[in-house]
Amino acid sequence: MALLVADDLWAVVEPLLPRDRPKPRGGRPRAPDRVALAGILFVLRTGIQWHEVPTELGCCGKTCWRRLGEWHAAGVWARLHRVLLER
């Protein structure tokens, strides 16, 4: 994971991510955002299918795919693009 999401990249991305909503009925804790981002980057770099994301990354491909959709709906990618262009 550290190779896929370096500390300097994470420092840029983390403030752009929406905060987790509380779960009133409990349930399984969410996979960490940094782990989900590592899975998303792994798929983008390798071109593998979502269901082939190795569990060694810390979450499954379905989780990464869902988080990708959540972040897209929240406008994270557009904001990240703007921040990176400004740098």
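I began with Trp-10 and, leaving aside its neighbours within four places in sequence, found it in contact with Val-5, Pro-15, Leu-17, Asp-33, Arg-34 and Leu-37; contact means heavy atoms within 4.5 Å. I note that this is a predicted model, in which local features need pLDDT of at least 70, side-chain atom pairs count only at pLDDT 80 or more, and totals for chains, interfaces and linings use all residues. Residues are numbered from 1 along each chain as its sequence is written, and side-chain values use heavy atoms, with hydrogens and water left out.

Of its 22 residues, Val-5, Trp-10, Val-13, Leu-17, Leu-37 and Trp-71 touch the most other members. Two or more residues each come from α1, α2, α3 and α4, and the largest share, seven residues, is from α2.

In α2, 10 of 14 residues are buried, that is, under 20% relative accessible area with a 1.4 Å probe, protein chains only. Among them are Asp-33, Arg-34 and Leu-37. The buried residues of α2 pack against α1 (7-13), α3 (61-73) and α4 (76-86).

I checked the span of α2 (residues 33-46): at 1.5 Å a residue it should be 20 Å, and the end C-alpha atoms are 20 Å apart, which agrees. The expected span is 1.5 Å times one less than the number of residues. Gly-47 follows α2 and has a positive phi, near 80 degrees.

Key:
Helix = DSSP H or I, 4+ residues; strand = E, 2+ residues; numbered from the N terminus. Buried < 20%, exposed > 50% of the residue type's maximum accessible area, 1.4 Å probe, protein only. Core = buried A, V, L, I, M, F, W, Y, C linked by side-chain atoms within 4.5 Å.
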